[in-house]
Structures are given as structure tokens and as C-alpha cells.
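Try each one yourself before reading the solution.

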Amino acid sequence: MKNKKESFTRNLTPMQVMELDACAQCGECLQHCPVQEVTNRPSIATPEKIKVYREFIKATGGLKARFFNPKEIDKELLQDFTKAVFECTTCGACGQKCAVGINTQRLWPYLRKEMFDRGLVDYEILTNLPEAIKQTGNPYRLPAEDRFKPWFPEQVKVVEKSEIAYYAGCTGAYTAKPMVRGDVLVLDAIGDPFTMLTEEDEVCCGFPLFISGQHDMLEALTKRLVSAYQEKGVKTLICSCPCCVNIMTREWPVFLGRELPFRIMHMTQFVLDALKQNKIRISSELKERLIYHDPCYLSRGVGVIEEPRAVLRAIPGVELIEFDRHGLDSRCCGAGGAVRKVFHENAVAMGRLAIDEAVTKKADKLILSCPACYGKVNEAMQDHERKIPIVDIMELLAQYVERVEK
Amino acid sequence: MSLIFFFAAVFSYLFFLIRFAWQGIIWFRATGHAAAYPVFLRKVPATVYIITVLDILLFRRIFDTSKLLWAGSWVFHISFFFVALRHMRYFFPSLPDCLILLQPVGVAAGYLLPLSLLFLMVLRALQKKDRYASSYNYIISGMLFLISSSGVIMRTFFRPDLISVKQFTLGIFALSPQALPDSSLFLIHIALFLLLLPYLPTHIIAAPFVNLEANRRMEELRYVIHEE
């Protein structure tokens, strides 16, 4: 094990260490944890992880450790903690419902980083991420030339330079093609000229690295992307992937070391503005009950809750229904935390909870707005007895939206 | 015996102070990269502070999660607060008027304190097996229950000589050992308290700050990606 005498607080802010201390161990968060819902193992729950991490801090920085020899931490305990902190989907529901208000959505990536820094993480799918991104620009190690070509509609024109840019994101571009295709079709309907980076230049936003605790490449990735958009004269960067939007808004300024030179907008915000400005209209009817799932990093992460709903309600005939847990309290579909492939069974079980509730509520379609959710919930429906059409919000809108000619 | 209790008390208070001070040092020695976290809310509105004060006084976040837990926790904390205030009479040579006025409230709180603890422990025990149970919380609650129950028994049935109790406690802070009051219940009461003091959870200090930060964050969420 590397750096065994290093403090366990070196990756945390004073407020995050206070948050660890503030946990009253009441255990109320367990009833909001999707991992608990499908595993029922309190030993990997938030209060237990916090309790164990406090022990780690004490063992290296506590009074006894300071004045006598730091205690050797049991390797098995470290490994168990590492597994527990990676089994979490980092959805942040526990923090949202926390009796004292601990920001767990931001805490977990930094606890994961500590475990990475100590060489305790051996999930190949995660440890291979930096190399994959270095070689191909995406975490899936797929060729850059396949990033846009398979789904980009021929009729849509992208300009060389514009104040508006669209970032597709790796997960959307490679694994949720109907979603990103829907994005550009809707952007085309809006009619504002928009630019994009080339398939070689549009590299990973850094989210999988950030969330898995591997932060070494983040500064370089951020600077590369920001300067590329700056060269194109971008003032507004639009993206539909909640994870990308989250890291762009919250972490890019940290890794850039200053405020971003452009504004980040979620696709639904941009569409809603276009609807309000009468740039687009929806005249065809859709007489269906739609249920919308809030992605954790969009709702709890950056507060985009109303816009997707307003966009769906703009389709005449739509009856929008809600999951029991929605908005800030939404339940993770299982795709979060960059570990949906490591803890596949958990993720599938969580995805099925969303499917079952949507079917029980007699929804005609389950509307998603995240490529990771899109992939995992579709996967969860395979071999599942209950079925429902799963559609991305822009995939749906692209079928109904029309440009208002002026 | 008096000397043993005197030194135990000095050690317990010192340990408590050093532990809490050291915890503060641990908090502020954290030097994570996340310190550069961008601020989207340039000025924290006064409402955030008001909400935080109300949260601390009324335990709104627990209320949102579990009404039963809220009832038990709120009664426990509020009665603990008034019992602690009532005990100030043992630490001041002459008691300020405001504390004199609060003495009857402290007496009522003294009866509520063990009841609320009992309620919380029973609530925990009755909850489903798959719920999280913290052994530390059980130990702290159990000790507090014994301390508060012995206090109630002394107040109601076997009153110790209050003058000698006051002389003993004032002697601790004056570093001048005094004779122990002649009461076995008092000895149990104070022994348990001295045992508990060094292990009081530090969340009593951290939680209000974290609560303030959570309220600031919630207010900030409106401006993270939305223009004002």
C-alpha cells in the first residue's frame, strides 16, 4: 500500500472533514439509498462508510497517532471500504435527505480519490480509463472517427465558428446515439448556427475520471477543451449529458483555475428558451402519459428540474406524470458513479425499479435525459417481464418540433 | 476517594477540551484541491442564516425524514439544553438572574430527558433489522439515560446535600479538591458523566456549520447553471 502515513484528509476541504464529523449516524439516509434498496447491506451504507473513514483519519491524524506511532490500518478494512465507496452510485440522495446536510455527491469522488492515491483500486474498467482517454479521447477506447459519423444527420449543418457550440459527449455519441441525434435535430430546428469540435478534438469532458477519483488528467483535458471552444468564439456551450454538464459547470472552473469564458447550458434550457422566443413550435399532438426520470447529476447536481418538464408539457396532448421520488429527491436508475459495469447486477436491479414504477403508473413512455441512464435502463429491461418504451427527451422532441419561419 | 474523583474530573475535562480542540485542528489542516470549489452564490442572503438558525432550533431536516425520530430527537436535545443550563448553578458562585428564572424549566426538562432517550432507544430497537444501528449511539444514549435517570431520582427521592455538591464542583475548576458529597447516587451520576464527557460526539460542533453550508448550497443551486 502506498503512502500509508499520509493523512486521509489531504484530498478533502475543511468543510468535507467537518461533514464527516457531522454525521450523527442516525441511519435515516439508508431509506433513500438505491444501493440499499437492491442490496439491503447496511455494512456498505453511508453512515458506516463515514464511520470507517473517520477511523482512518484518526489512525493517521488523531491525537494518539500524532504523539505516538500512527496506527497501521487493517488492509482488509481498507479494501472493504474501497469496495463500499465504489459500490455507491454517487447519486447524492443520502446527502439530500441527510439530517445535517452532508454533501455526499461531492464527498464520494474525493474519498475514492484517496483510495486511488493509495493504490487500493483494482477495477480494471476504471484503472484503464486514463490510458483509454489518452489514446482515443474517450473512455470506451472506441475510434475517434466513429464519434459522430454513425448518427450525425446529413442534413444538419455545423458552422466553423459560432457563439453557440454543441458538445455531444462520449457516452451519448458512442452508446446513446438516438439521444445525441435528437439533440442536433432539435438544434437544427431552432435554427441558430452552431459549431462543434472535430471528432478528434471533442475529447472526454473528464467526468468518468473525476467521479472515479483519478484527477491527474483533468486539468489538461479541461484546458484543451476550453481553449478549443474559445478559439471558435463560443459564448454558450450546450450539452445534454448531465454528467458532462455537471463537470463543466462545477469542476472545469476548478481545474482551469478561473471562471469559464463561456456559459454552459443544458439542452433542455436552450430548447425552452427557443420555445419562449418562438423560434420553434410543436403543433402535432401526442396523447400519451409520459413519466420523466430526473438524472441525479442534473437535478441534485445543477438544479435543472423544471426545464425538461416544461419542454415535455409543450407537446400538445402530453400528460406528464411523476415518479414518487422526483426532482431533488429522484432515485438513481443505477447508471451513476462510473461503476455500472463493475456492479452490473445492482445497476440492473435499480433500473428495473424505475421501469416497474413507470409501468405501474401506466405511463406510455419512460422519458430519460441522460445517456448513461438511457443505456443502463434499456439494458435493465432486457429479460425483464415488464416493458415500457424508453425514449430520450430530445429523441422524442425531434419528432414533433418544427422551425418557425420568420 | 475525593482526590480520585477530583483528578478524574480534571482529566475528563482536559481530555474533552483537548479532543475537541484537536478535532478543530484536523478540520482546518485538510488541504484538498476541492478548496478551489467555484462559488456561484457571491453573497449569502440573510435568509440562509435565518433558515439555518431555525433548522438548528427545530431540527427541520430530521422532521422531513422521520416524524417519530424528530419528536424524540428534538425533545432530547431541547431538554438536554435546559438540564445543562440548570446545572450551571453548580458552576457559578452566584447564579445570574436569567439562570434562576430557567430553573423550573430545567426541572421539567430533567424528567423529559430520560423519557426522550428511552423513546429513541425503543424506536431504534423496534425498527426493522435491516436499518442501520450505530453501537456508539446506543452506548452514548444508554449512558445519558443512566446519568439523567440518576439525576431525576436524586431530584425526586434522594436529594444530596446541594451545598457540598456545589463546593465539590467549584473545587474542580478552582483546582482545589473538596470533600465528596455523601451520596452514592451522586457518585454514580458524576462518575458516568466524567466517563461520557471525553467521548461526546464532535458532531455537536460540526453539524451547525454543515447545516449552514447545506442551506447555502441549496440556495446556490438556483444559480449554478441558471442566470440570475
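**Exercise 1.** In β2(A), which residue is the bridge partner of Y167(A)?

*Solution.* Keep in mind that this is a predicted model. Start with the two strands: β1(A) and β2(A), the latter spanning residues 236-239, pair in the parallel sense over four bridges. Now go to Y167(A) and hop across to β2(A), where you land on C239(A).

**Exercise 2.** Work out which residues of β1(A) sit on each side of the strand, and whether they are buried or exposed.

*Solution.* Take the strand, residues 164-167 of chain A, one face at a time. I164(A) and Y166(A) are on one side, while A165(A) and Y167(A) are on the other. A residue counts as buried with 20 or more other C-beta atoms within 10 Å of its own. All four pass, so both faces are covered.

**Exercise 3.** Describe how α6(B) and α7(B) pack.

*Solution.* First, the geometry: α6(B) (residues 103-126) and α7(B) (residues 135-156) make an angle of about 145°, and their axes are 9 Å apart. Next, the hand: the crossing is left-handed. Then the residues: α6(B) brings, among them, L113(B), L117(B) and M121(B), and these helix residues meet a set in α7(B) including L144(B), F145(B) and R155(B). Finally, sort by class: eleven nonpolar, five polar and one charged.

Methods: Residues numbered from 1 in each chain as written. Chains lettered and ligands numbered in written order. Predicted model: local features only at pLDDT ≥ 70, side-chain atom pairs only at ≥ 80, totals over all residues. Axes fitted to C-alpha atoms, helices over the stretch in contact; angles between N-to-C directions. Left-handed = near helix turned anticlockwise from the far one by under 90°. Contact = placed C-beta atoms within 7 Å. Nonpolar A, V, L, I, M, F, W, Y, C, P; charged D, E, K, R; others polar. Buried ≥ 20, exposed ≤ 12 C-beta atoms within 10 Å, placed from the backbone. Pairing = 2+ DSSP bridges.
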